[in-house]
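Please read the points below with the sequence and the model at hand.

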Amino acid sequence: MFSAADYDYMARALRLAEKGLFGTSPNPRVGCVIVQGGNIVGEGWHERAGTPHAEVHALRAAGNAAEGATAYVTLEPCSHHGRTPPCADALIGAKVDRVVVAMQDPNPLVAGQGLAKLQAAGIQVESGLLEMQAQELNIGFVSRMTRRRPWVRLKTASSLDGKTALNNGASFWITGDVARLDVHRLRARSCAILTGIGTVLADDPKMDVRDVETFRQPLRIVLDSSLRTPLNARILTTGKTLIVGAIADKEKIARLESAGAEVLILPDASGRVDFQHLLRELAEREVNELMIEAGCTLNGAWLNAGLVDEWVMYTAPLLLGDKARGLFALPELTEMTPRREVTIRDVTMVGRDIRIRALVSN
């Protein structure tokens, strides 16, 4: 049975973990609070991959006060040697009395072994406090470990009547400055951003993170079945760009590679890019969260394939008319039964615009 104080300390640990939102990938976001005699004596969070984990920062801050203390950790302490030593060993060495964990680590290399190691050392271990909040914070990491694919987040920006651009293609800017900054925060937490060749040819976007402090730029991915990406496209100018095609044209591949891109050929039976294969490939590359920013054709294709997990929709207080371009190119329904359901999780005002976050039923 957890006490009110337990909830407060774990909530603090989750807020600390969130500080690593833009920097820890491919590792999970983790926070730790160490309490002795009702007082916080040490705390920390995992800041970026390859650096000490949250528990190490908290134990260093606590010093000798960690002995006999309670450690609140948002994710099961690791029990294996990765880039850093096992955190379970660090907690044992510090002689804490009790460890409270929000969620078990879904990584098969840990998966309960960290908790077992702590218990074997005589430490009282309790798990499951604010578990849903901890899972939400690491939704992409959990997806990659349990489903062997990234969490797929589709972002759209539209008018109140569901239009993304005028019929002539003009779309700058539908949403306001505050909403656009919020999109850059979504980009910053993502491991990769995906768009289509249509968007590249029409808008020449960079698809990078701007105006948000981050340790790294996400991988940019262009789905380009016929390898038509211009060699001077802005998306090729900064950071890493992956062009995913469906034809093994050696000359086109060589030109794109000379422009700095990596080219991956993943055709499906219809001669288009194989989405499922791409997701498996991205999981192998340790991509936790994939963000899609594309036009209605590609948006519809991913939805129709049943591969979108989350939809983040920014809606501006304006109308563009029935001739303007829509959000999704989807097959016509002739009855209501096959309609696709979404579960709205959050509705927030972002400046003058509305941000709706929904989970997609597949």
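The numbered points that follow cover the basis of the model, its pocket and cavity, selected helices and strands, and some backbone features.

1. Basis. This is a predicted model, in which local features need pLDDT of at least 70 and side-chain atom pairs count only at pLDDT 80 or more, while totals for chains, interfaces and linings use all residues. Residues are numbered from 1 along each chain as its sequence is written, and side-chain values use heavy atoms, with hydrogens and water left out.

2. The largest pocket. About 1,600 Å³ of space lies in the largest pocket. A pocket is an open set of points on a 1 Å grid over the protein atoms alone, with protein on both sides within 12 Å along at least five of seven lines; lining residues have an atom within 4 Å of a point. Grid points are joined across faces, edges and corners, and a volume is the space filled by probe spheres set on the points. The lining comprises 50 residues, and Thr199, Asp203, Glu293, Ala294 and Gly295 are those that lie nearest the centre.

3. Composition of the pocket lining. By class there are 19 nonpolar, 16 polar and 15 charged residues. Here Ala, Val, Leu, Ile, Met, Phe, Trp, Tyr, Cys and Pro count as nonpolar, Asp, Glu, Lys and Arg as charged, and the others, Gly among them, as polar. The elements that each supply at least two lining residues include strand E6 (151-159), helix H8 (197-203) and helix H11 (296-304). Helix H7 gives the most, with six residues. Helices (H or I, at least four residues) and strands (E, at least two) are DSSP runs, numbered from the N terminus.

4. Annotated positions. Under "binding site", an unreviewed UniProt entry lists Ser171, Arg187, Asp203, Arg210 and Glu293. The lining of the largest pocket takes in Ser171, Arg187, Asp203, Arg210 and Glu293 from this set. UniProt positions are given in the numbering used here, feature names are shortened, and annotations may be inferred rather than shown by experiment.

5. Is Glu293 buried or exposed? Glu293 counts as buried because its relative accessibility is 7%; buried means under 20% relative accessible area, exposed over 50%, and partly exposed in between (1.4 Å probe, protein chains only). Asp203, found in helix H8, has 33% relative accessibility and therefore counts as partly exposed. Glu293 is placed in the loop between strand E12 (289-292) and H11. Leaving aside neighbours within four places in sequence, Glu293 is in contact with Lys155, Val183, Arg187, Ile193, Leu194, Thr195 and Met207, where contact means heavy atoms within 4.5 Å.

6. Helix H11. The buried residues of this helix are Leu298, Asn299, Gly300, Trp302 and Leu303. They pack against several elements, among them E6, strand E8 (192-196), helix H10 (275-284) and E12. Gly306 follows H11 and has a positive phi, near 70°.

7. Five of the six residues of strand E1 (residues 31-36) are buried. E1 runs antiparallel to strand E2 (residues 39-45), with six bridges joining them, and Val33 stands opposite Glu43 in E2. The two strands form a hairpin with two residues between them, and Gly37 in the turn has a positive phi of about 60°. E1 also pairs with strand E3 (residues 70-73) in the antiparallel sense over four bridges; Cys32 has Val73 as its bridge partner in E3. Two strands pair if DSSP finds at least two bridges between them.

8. The cavity. The structure holds one cavity of 30 Å³ or more, a cavity being a set of grid points where a 1.4 Å probe fits but cannot get out. The largest cavity has about 40 Å³ of space. Its lining residues include Thr24, Ser25, Asn27 and Arg29, and by class the lining has one nonpolar, six polar and two charged residues.

9. Backbone features. Most residues other than glycine have a negative phi, and most peptide bonds are trans. Ser25 and Pro26 are joined by a cis peptide bond, with omega about 10°; Pro26 lies in the loop between helix H1 (4-18) and E1. Asp211 has a positive phi near 65° and is found in the loop between H8 and E9. With 73% relative accessibility, Asp211 counts as exposed. Glu286 has a positive phi of about 65° and lies in the loop between H10 and E12.
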